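Take a moment to look over the molecule below. We will walk through its core and one of its helices together.

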Amino acid sequence: MNEGINEKALEPSEIIKLAAAEGAKAALEKYKKEQQKELSKINDKRLHNIKMLLENYRDFKQCSENAKYSVEQAENSIDFLDLMWDPYNRSDLEVESIKISAVKTTIMVAHIDGMLKTLEKLSSNNEMDMRKYNILFDRYIADVPLSINKIAKKYNIERRTVYYDIDIAVSRMAKLIFGIDYVLLDK
């Protein structure tokens, strides 16, 4: 007889149990891979969102500084707005939408500013980390943003290193902005 074949024949119920166990194992592995893929997509989206926020940071900052409606006004005027709101007048929704947008923008800019300060402080003890922070700042935050070529020349590095450093710094910003949710999904 062949040595690789078990000489004892398996009962049909044993075959079914083995097949079910293998099928369940394969299904669980596939499920775990799909879950990991979905979590990766979420983090990719968050990284994209952080990059978009940083690319538009100067505009948002200008908007929040020039907004006629502030966070403080929002906190103090909620009751007043409730009294003024007329459910039959839809124009109130447009005004409310503008106010909500102004408050959201101001809060997000303040949060980004705080996380930029945190990133700068975290980076200050390491020359490479500080370079990544400075490149991020030069590219997205500075009043006059620098091009990739100018950044490469300023830091005497290759263009691809500029992109790499930006990706690392953006990832660190995502961790700071999204906190534990980002870290847990980043596994």
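This is a predicted model: local features need pLDDT of at least 70, side-chain atom pairs count only at pLDDT 80 or more; totals for chains, interfaces and linings use all residues.

Residues are numbered from 1 along each chain as its sequence is written, and side-chain values use heavy atoms, leaving out hydrogens and water.

The largest nonpolar core has 26 residues. Such a core is a set of buried Ala, Val, Leu, Ile, Met, Phe, Trp, Tyr and Cys residues joined through side-chain atoms within 4.5 Å. Helices here are DSSP runs (H or I, at least four residues), numbered from the N terminus. Helix α7 gives the core its largest share, 7 residues. Val 162 is among the residues with the most contacts inside the core. Beyond its neighbours within four places in sequence, Val 162 is in contact (heavy atoms within 4.5 Å) with Ile 135, Ile 148, Ile 151, Ala 152 and Ile 157.

Now to α5, where Tyr 133 and Phe 137 sit 4 residues apart, about one helical turn. They form a tilted aromatic pair, 6.2 Å centre to centre with 35 degrees between the planes. Rings pair if their centres lie within 6.5 Å; planes under 30 degrees apart count as stacked, over 60 as edge-to-face and the rest as tilted.

| Residue | Relative accessibility | Class |
|---|---|---|
| Tyr 133 | 6% | buried |
| Phe 137 | 31% | partly exposed |

Conventions: Buried means under 20% relative accessible area, exposed over 50%, partly exposed in between (1.4 Å probe, protein chains only). Helices (H or I, at least four residues) and strands (E, at least two) are DSSP runs, numbered from the N terminus. Rings of Phe, Tyr and Trp (its six-membered ring) pair if their centres lie within 6.5 Å; planes under 30 degrees apart count as stacked, over 60 as edge-to-face and the rest as tilted.
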